[in-house]
Amino acid sequence: MQSTKLNNGISCPVIGLGTFMLSPAEAENSTREALKMGYRLIDTANAYVNERAVGRGIKGSGIDRKEVFLSTKLWPSEYENPNAVAETLERLGVDYVDLLYIHQPAGNWLSGYRQLEKAYREGKAKAIGISNFEGKYIEELEKKWEIAPQFIQVEAHPYFTQNDLRTTLDKHGIRLMSWYPLGHGDKSLIEEPVFAELGEKYGKFPAQVILRWHIQMGFVVIPGSKNVSHIKDNLAIMDFELTADEMARIADLDKGERYYHRTEEQLVQFAAWKPEFEKE
């Protein structure tokens, strides 16, 4: 598994399994099978309500915990809960996570970030990150953090390459972990002629070409699936490399258009909503 080095010196696999929108049963199965086939990065969140299942999947895989880069996120309603990190670790069944995010710039997000910094200092999080902090939010946080994050997790794909955000990230050595890496399954993106052409050249599916593009952009990518065959296909992108000219052709697809449009009203709702965590 290819890895990338973070701004604090630790390494993270360049591709992992995302568990967004997976039920507990699906998350457990996908996590277990992904690890068995060679994945070493698993991403979840308080809000996905499948952390316990992910923990079971890790144990069921037979892979040593130390070999798994485990990522999760605190939800805004947990930012002022002094036990949020401990409770998250308990649900996952681990003593630490490799990467701990705050999930949205909602509620008292600075309190949430201070929790990350505390967890980092105590060794309960080996790296910390921010999710969906773009524009004014990362600009404000940049003035207030005591420890710079190692990661930001945001929407990114060939139609939306986060050019503006990447200027700030490059300044601090913050890595981008992309979600909606295939454009939320948008056929118009996946069926772009360039991906069909390159897929034929390299013997790959168009989606595999897109995932390879993410890695060569320097992104860490976390496609999610409950289909074991798709999970296997997503990993099979390490045996080819796009040329500079091919990367330039894909760059021409950038429209600056995203699929996820969050409102300020939603941020208020996020701060008020509390996930109903799994009991067992």
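Trainee: Is W213 buried or exposed?
Mentor: W213 is buried, because its relative accessibility is 1% and the cut-off for buried is under 20%. Keep in mind that this is a predicted model.

Trainee: Which residue does W213 form an aromatic pair with?
Mentor: The partner is F219. Their ring centres are 5.9 Å apart and the planes make an angle of 85°, which is an edge-to-face arrangement.

Trainee: And F219, buried or exposed?
Mentor: F219 counts as buried too, at 3% relative accessibility.

Trainee: How many aromatic pairs does the structure hold?
Mentor: There are 9. One of them is F20 with Y48: the centres are 5.3 Å apart and the planes sit at 50°, so that pair is tilted.

Trainee: What parts does the F20 and Y48 pair tie together?
Mentor: Two loops. F20 is in the one between β3 (17-18) and α1 (24-36), while Y48 is in the one between β4 (41-43) and α2 (51-61), so the pair links parts that are 28 residues apart in sequence.

Trainee: How accessible are the two of them, F20 and Y48?
Mentor: F20 is partly exposed, with a relative accessible area of 46%. Y48 has 15% relative accessibility, so Y48 counts as buried.

Trainee: Which residues form an aromatic cluster?
Mentor: W75, F270 and W273 form one.

Trainee: What about charges, which residue lies over the face of Y159?
Mentor: That's K255, at 4.1 Å from the ring centre. R212 does something of the kind with F240, lying over the ring face at 6.0 Å from its centre.

Trainee: Switching to pockets. What volume does the largest pocket have?
Mentor: About 960 Å³. The lining is made up of 35 residues, and F20, Y180, P181, H184 and G224 are the ones that lie nearest the centre.

Trainee: Which elements give two or more residues to that lining?
Mentor: α9 (206-216) and α10 (228-235). α10 gives the most, with 3 residues.

Trainee: OK, now the sheet. What order do its strands have?
Mentor: The open sheet has 8 strands in the order β3-β4-β5-β6-β7-β8-β9-β10, and the pairing is parallel.

Trainee: Take me along it. How many bridges are there between β4 and β5?
Mentor: β4 and β5 (residues 69-74) pair in parallel over 3 bridges. D43 has S71 in β5 as its bridge partner.

Trainee: And how many between β7 and β8?
Mentor: β7 (residues 128-131) and β8 pair over 3 bridges, again in the parallel sense. The bridge partner of G129 is F151 in β8. To get from β7 to β8 the chain goes through helix α5 (residues 136-144), a right-handed β-α-β crossover.

Trainee: How many residues of β8 are buried?
Mentor: 5 of its 5, so to speak a strand that is mostly covered.

Trainee: What does β8 do with β9?
Mentor: β8 (residues 151-155) and β9 pair in parallel over 5 bridges. The chain gets across through helix α6 (residues 163-172), and this β-α-β crossover is right-handed. Along the pairing, I152 stands opposite L176, and V154 stands opposite S178.

Trainee: Why do you say β9 is largely enclosed?
Mentor: Because 5 of the 5 residues of β9 (residues 175-179) are buried, the strand is largely enclosed by the rest of the structure. Both faces are covered: R175, M177 and W179 are buried on one side, L176 and S178 on the other.

Trainee: Last one. How many bridges join β9 to β10?
Mentor: There are 2, and β9 and β10 (residues 220-221) run parallel. M177 has V220 in β10 as its bridge partner.

Notes: Residues are numbered from 1 along each chain as its sequence is written. This is a predicted model: local features need pLDDT of at least 70, side-chain atom pairs count only at pLDDT 80 or more; totals for chains, interfaces and linings use all residues. Side-chain values use heavy atoms; hydrogens and water are left out. Buried means under 20% relative accessible area, exposed over 50%, partly exposed in between (1.4 Å probe, protein chains only). Helices (H or I, at least four residues) and strands (E, at least two) are DSSP runs, numbered from the N terminus. Two strands pair if DSSP finds at least two bridges between them. A crossover is right-handed if, with the strands pointing away from the viewer, the path from the first strand over the helix to the second runs clockwise. Rings of Phe, Tyr and Trp (its six-membered ring) pair if their centres lie within 6.5 Å; planes under 30 degrees apart count as stacked, over 60 as edge-to-face and the rest as tilted. A charge sits over a ring if NZ of Lys or CZ of Arg is within 6 Å of the ring centre and within 35 degrees of the ring normal. On a 1 Å grid over the protein atoms alone, a cavity is a set of points where a 1.4 Å probe fits but cannot get out, and a pocket is an open set with protein on both sides within 12 Å along at least five of seven lines; lining residues have an atom within 4 Å of a point. Grid points are joined across faces, edges and corners, and a volume is the space filled by probe spheres set on the points.
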